[in-house]
Amino acid sequence: MAARGRSLRDRVGRGQHVEVALFDIAMSMTGFYGMAYLISGANPGRFGNSPNGSPTVGLYEAADGPLYMACANDRLYRRLVTEVLDRPDLITDPDFATRRARTANREKLRAIIAGVFASDQLENWMAKMKKANIPVGYLRTVEQGFNAPEARERHRLSRIPHPTGGMVPNIETPLNMALTPCVDPVAAPLLGEHTNDILRKRLGYGDARIAELAEAGAFGKARGPG
């Protein structure tokens with residue numbers, strides 16, 4: 001078990017080249033749509049926020065703000081229309097009784113659902129949907145997201161002291177590892193801040209040699225105090 005935590009170089013005596021190309025990542029992120037194309041040969045269109053044009057997955061507007069829901073199966077759809085929207089007729093109506101029927105009549109169903117959502121406040125819908133265990137989330141702007149309670153509770157933002165710039169705002173890394181926590185970030189060094197330190201510790205220069213270089217203008221404006 002201990003060996004699993006060691007690097008490949010530690011285990012077999014060899015390192016390895018790691019290559020990550022943006023193009024490769026983009027192809028991988030096509031996911032379902034990429035596989036559907038490879039299997040069927042049909043070039044998928046643009047579905048916006050609703051994969052496969054599903055009327056019960058995507059963005060909707062409450063009276064005072066947007067929400068995103070994902071009712072991707074019959075079980076969730078039944079809970080949505082009965083426990084949240086109070087429209088049990090959307091189950092018995094032949095146009096919406098099955099997934100195939102809902103897909104065929106998606107524009108009609110989407111208009112009905114949109115009309116219901118527009119009739120009440122966002123927080124009321126969010127409470128009903130969470131109570132019914134419907135997958136739903138807020139659609140936030142950057143400002144709203146950064147000021148959300150989740151950002152505060154999870155300590156997603158911090159400030160880094162800088163010798164000349166005061167406190168620099170910072171977004172914390174999303175990687176949280178219990179045994180190997182991430183190193184606290186530090187501000188970028190000033191121009192030439194570590195010049196003298198590198199000359200002494202890395203190159204072994206003494207004070208006299210460093211003084212000679214400084215006198216000759218070897219450092220220019222890059223010379224720092226360190």
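Within helix α11 (residues 195-201), K201 and D197 lie four residues apart, about one turn of the helix; helices are DSSP runs of H or I with at least four residues, numbered from the N terminus. The two residues form a salt bridge, with the closest N and O atoms 3.4 Å apart, a salt bridge being a side-chain nitrogen of Lys or Arg within 4 Å of a carboxyl oxygen of Asp or Glu. The model is predicted, and local features need pLDDT of at least 70, side-chain atom pairs count only at pLDDT 80 or more, and totals for chains, interfaces and linings use all residues. Residues are numbered from 1 along each chain as its sequence is written, and side-chain values use heavy atoms, with hydrogens and water left out. K201 is exposed, at 66% relative accessible area, whereas D197 is partly exposed at 31% (buried, under 20%; exposed, over 50%; partly exposed, in between; 1.4 Å probe, protein chains only).

Seven salt bridges are found in the whole structure. In helix α12 (residues 207-215), E212 and R209 are three residues apart, about one helical turn, and their side chains meet in a salt bridge at 3.4 Å, N to O. Both residues are partly exposed, E212 at 47% and R209 at 38%.

A further salt bridge joins R102 to D74, with the closest N and O atoms 2.5 Å apart. This pair links distant parts of the chain, 28 residues apart, with R102 in helix α6 (residues 99-104) and D74 in helix α4 (residues 74-84). R102 is buried at 6% relative accessibility, while D74 is partly exposed at 29%.

Definitions and conventions
Helix = DSSP H or I, 4+ residues; strand = E, 2+ residues; numbered from the N terminus.
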